[in-house]
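Me: Hi! I'm new to this one and would like a friendly walk through part of it. Could you take a look with me?

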Amino acid sequence: MAPGKGDDAVGASSRPPVEDNIAERVKLEREARGWSSVTLAEKMAEAGHPVGQSAIWRIESGKPRRRVNTDEALGFCKVFDMTLDELASPPGQMANPIIRRLVGEYVELWKEWRSLGKSMDAIQDQLREYTKANPDQDTMVRNLLAHELDAASNGDFHRHKGARSRLIRWLGDAFNPSAAAGADIDE
């Protein structure tokens, strides 16, 4: 066989799997968002990585599939909000886009919650220091905080399972309205 004559057939069948992964991922991500190939082409252009609708179709469905150049891959990453690793991974290895989005949102909210928890602990420490310095106002401070938290939660704070245990221990009877009410009757 003459050099180069059979190379094309071998080259087409031995494409790196990553190219097929990217093509499948582009189609999966586009469909998961309910976008047409026209919409994806528009979003790519807005992101500064123009690619035509027909090129997107050839990437996803062409026989053989059209190759994705580096600029296009970076554009897909930007438009789909994913890393190049994620774009090139076999689609079965990654959770579907909806789950990835929800997990990502949850993690971001968890980080905010954790940061807010640290801020709340710092304020609680300041309140604790104040009540140590002014023991005669300790019950008033705890009751006021419990009352305001209960009002902010429309009367549901004492049943809130997400309340920080450190706060619950510090509030004591003020956290439990029935215990606090019983204490008021006895006084």
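This is a predicted model: local features need pLDDT of at least 70, side-chain atom pairs count only at pLDDT 80 or more; totals for chains, interfaces and linings use all residues.

Me: Great. How far apart are the end C-alpha atoms of helix H2, and what span should its 16 residues give?

Reply: Helix H2 covers residues 17-32, and its end C-alpha atoms are 22 Å apart. At 1.5 Å a residue it should span 22 Å, so the two agree.

Me: Which residues of H2 are buried?

Reply: They are Glu19, Asn21, Ile22, Ala23, Arg25, Val26, Glu29 and Arg30.

Me: What is arginine 30 in contact with, leaving aside neighbours within four places in sequence?

Reply: Arginine 30 is in contact with Trp35, Ser36, Ser37, Leu40, Glu60 and Phe80.

Me: Which residue does arginine 30 form a salt bridge with?

Reply: Its partner is glutamate 31, and the closest N and O atoms are 3.8 Å apart. Glutamate 31 is partly exposed, at 46% relative accessibility, whereas arginine 30 is buried.

Me: New topic, then. How many salt bridges are there in the whole structure?

Reply: A search finds 10. One of them joins glutamate 29 and arginine 25, with the closest N and O atoms 3.4 Å apart.

Me: How are glutamate 29 and arginine 25 placed in helix H2?

Reply: They are four residues apart, so about one helical turn separates them. In general, an α-helix has 3.6 residues a turn, so residues three or four places apart point the same way.

Me: Are glutamate 29 and arginine 25 buried or exposed?

Reply: Both glutamate 29 and arginine 25 are buried.

Me: What about glutamate 24, where is its salt-bridge partner?

Reply: Glutamate 24 pairs with arginine 65, the closest N and O atoms being 3.9 Å apart. This pair links distant parts of the chain: glutamate 24 sits in helix H2, while arginine 65 lies 41 residues away in the loop between helix H4 (53-61) and helix H5 (70-80).

Me: How exposed is each of those two?

Reply: Glutamate 24 is partly exposed, with a relative accessible area of 37%. Arginine 65 counts as partly exposed too, at 22%.

Me: Last one: which residues do salt bridges with shared partners join into one network?

Reply: Asp20, Glu24 and Arg65 make up that network.

Definitions and conventions. Residues are numbered from 1 along each chain as its sequence is written. Side-chain values use heavy atoms; hydrogens and water are left out. Helices (H or I, at least four residues) and strands (E, at least two) are DSSP runs, numbered from the N terminus. The expected span of a helix is 1.5 Å times one less than its number of residues. Buried means under 20% relative accessible area, exposed over 50%, partly exposed in between (1.4 Å probe, protein chains only). Contact means heavy atoms within 4.5 Å. A salt bridge is a side-chain nitrogen of Lys or Arg within 4 Å of a carboxyl oxygen of Asp or Glu.
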